[in-house]
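Biologist: I'm new to this one, and I'd like to learn how to read it feature by feature. Could you walk me through it?

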Amino acid sequence: MEMIPGQLSLAQLRSIHAGPQKLSLQAAARERIRASAAVVQAAAAGEAPVYGVNTGFGKLANQRISAEQLDMLQLNLIRSHSVGVGEPLTPEVVRLMLALKAASLARGHSGVREEVVDTLIAVHNAGLVPYVPAQGSVGASGDLAPLAHMTLALLGEGEMLVVGRRRPALAALESAGIQPLKLQAKEGLALINGTQTSTALALHALFAFEPVLQSALVVGALTVDAARGSDGPFDPRIHALRGQPGQIDVAIAYRALLAGSQIRQSHASGDDRVQDPYSLRCQPQVVGACVDQLRHAAGVLLREANAVTDNPLVFAAEGELPAMMISGGNFHAEPVALAADGMALAIAEVGAIAERRIAMLIDTGVSRLPPFLTADAGLNSGFMIAHVTAAALASENKSMAHPASVDSLPTSANQEDHVSMATFAARRLQPMIRNTAHILGIEWLAAAQGIEFLRPLRSSEPLERAHALLRSAVPAMAQDRYLAPDIDTATTMVGDGSLARILQTLPLLPAWLDTL
């Protein structure tokens, strides 16, 4: 895959996330990298103080460093900033970190040599995974600790994850035929100053939630039929009058999923119910708003993935403009933090409305199905406590959806006095996604059980495929049994794309998160 700095696509990022790719750098980028490095080298040879080149860092920016200590300054920076704690970041996230950092530096505004970019790409292409503890970044000045751990591995001083176990990085580099990187002026700072960890974590969540979101539409539609709900609320005229694009697209999906259902036709007339509960008829409005939120986040993250976010930035001479280095604040990850907080709300809401649909299905007064979806209620509890689990998970998500971006603790002796907390904002999305996937797994089981009570009527063709997919692994529940393994099985298919493929194969559906 050729990387054109500044022009990475969401599809390319998704491919890097999905599995190791062989990356190459656009040849035209090398001239810009060399020109940028020459500016830094000239500054390093000069007398004027330049932040990050011949000065200390953060609160120590006023400390001048002698010319013979400039390389040691960069090495000490990486060693001192490798202070992360907690579980290691996953290979998917670290692959994205390596690729995003290489792409950012290759835009030619960071002052690093070609060797730095080439080493990042070589480590990625060799399938090596630097050991990066997940905790320790406040999202400004960049993702310092996690990027320092990544860089330390490139130097041969850190560690790599090999088959899930920590191993000395030097041995891993040698076995891959990669020379450990030796840092020169500003290169350590350029490597750790940036938003690549928080951006990679947020992209990881975006890609992980895609199949869960698509599964939510299939499961939600199956619940409509199980509860003998109306398809009237999905009429395109309703949604056109509001004009919200996500809502319009979700309604298209529900119409396609429910088209041709015998169950729907069986109560199209003579049904004394006037309106369905909100959890059924407001699905386009609720889930559509979540789709819009995720599309916005995808756009923010794509721009950030292509951005130059270290400091100071290097501008080579161009026309009458002289070469210069300018200190700024692109390392502040507020855009990522706000995008991740928006994603958290969307993930929580998809799970919250699903939990309400489960509660509706087990309530015989609303769904008109047997109590708790069991034919012999009393002797059997059916889905009574499975719903309690869904409620517990939805409640957890509500707590985790609290915005991380509104919190800020000053660091570096108040030099860095406002921070984004973007790394945590993005990292906390994974447990939220797991919770929502579990809620949807429980709803899928409940909706399929509800369909059993409506036989011999059949649902639509796509929803019958969703029912059959579940039944291929989980039988109907004639009486109480050990249900936890069934929940795990259903949840796995919600998250791995098995259920989402039913939606993806429907004709004339809108492109989901790629529509930016």
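Modeller: Happy to. Let's start with a term: two residues are in contact when they have heavy atoms within 4.5 Å of each other. Keep in mind too that this is a predicted model.

Biologist: Fine. Among contacts between residues at least 6 apart in sequence, what share joins residues at least 24 apart?

Modeller: That share is 78% here.

Biologist: And what about the overall picture? How many helices and strands are there?

Modeller: You'll find 22 helices and 9 strands. The C-alpha atoms fill a box of roughly 90 × 45 × 40 Å along the principal axes. Of the 516 residues, 55% count as buried, where buried means under 20% relative accessible area.

Biologist: How should I read a nonpolar core?

Modeller: The general idea is that in soluble globular proteins, nonpolar side chains tend to be buried together. In this model the largest nonpolar core has 165 residues, and the members touching the most others are Leu13, Val117, Leu203, Leu361, Phe383 and Trp444. Helix H9 gives the most to this core, with 18 residues.

Biologist: Let's zoom in on one of them. Which residues does Val117 touch, leaving out those up to four places away in sequence?

Modeller: Val117 touches Leu25, Ile33, Ala102, Leu105, Ala106 and Val112.

Biologist: Now the charged side chains. What's the idea behind a salt bridge?

Modeller: Side chains of opposite charge can pair when their charged atoms come close. The structure holds 21 salt bridges. One of them joins Lys186 and Asp310, at 2.9 Å from N to O.

Biologist: Why does the pair of Lys186 and Asp310 tie together parts that are apart in sequence?

Modeller: Look at where each partner sits. Lys186 lies in the loop between helix H7 (169–175) and helix H8 (187–192), while Asp310 lies in the loop between helix H14 (283–305) and strand E8 (313–315), so the pair links parts 124 residues apart in sequence.

Biologist: Are Lys186 and Asp310 buried or exposed?

Modeller: Both Lys186 and Asp310 are buried. Now try Arg356 and Glu355, whose closest N and O atoms are 2.7 Å apart in their salt bridge. Arg356 is partly exposed, at 43% relative accessible area, whereas Glu355 is buried, at 9%.

Biologist: Which residue forms a salt bridge with Asp486?

Modeller: That's Arg481, with the closest N and O atoms 2.8 Å apart. Asp486 is buried, with a relative accessible area of 10%, and Arg481 is partly exposed, at 32%. Salt bridges can also link up into a network, as they do for Arg30, Arg34, Glu114 and Asp118.

Biologist: How many residues line the second largest pocket?

Modeller: There are 14, with His109, Phe315, Ala316, Ala317 and Glu318 nearest the centre. Helix H2 (29–45) and strand E9 (324–326) each give two or more residues to that lining, and H2 gives the most, with 3. The volume of the second largest pocket is about 250 Å³, and its lining has 8 nonpolar, 3 polar and 3 charged residues.

Methods. Residues numbered from 1 in each chain as written. Predicted model: local features only at pLDDT ≥ 70, side-chain atom pairs only at ≥ 80, totals over all residues. Heavy atoms only, no water. Salt bridge = Lys/Arg side-chain N within 4 Å of Asp/Glu carboxyl O. Helix = DSSP H or I, 4+ residues; strand = E, 2+ residues; numbered from the N terminus. Buried < 20%, exposed > 50% of the residue type's maximum accessible area, 1.4 Å probe, protein only. 1 Å grid on protein atoms, 1.4 Å probe; cavity = no way out; pocket = protein on both sides within 12 Å on 5 of 7 lines; lining within 4 Å. Points joined across faces, edges and corners; volume = space filled by probe spheres on them. Nonpolar A, V, L, I, M, F, W, Y, C, P; charged D, E, K, R; others polar. Core = buried A, V, L, I, M, F, W, Y, C linked by side-chain atoms within 4.5 Å.
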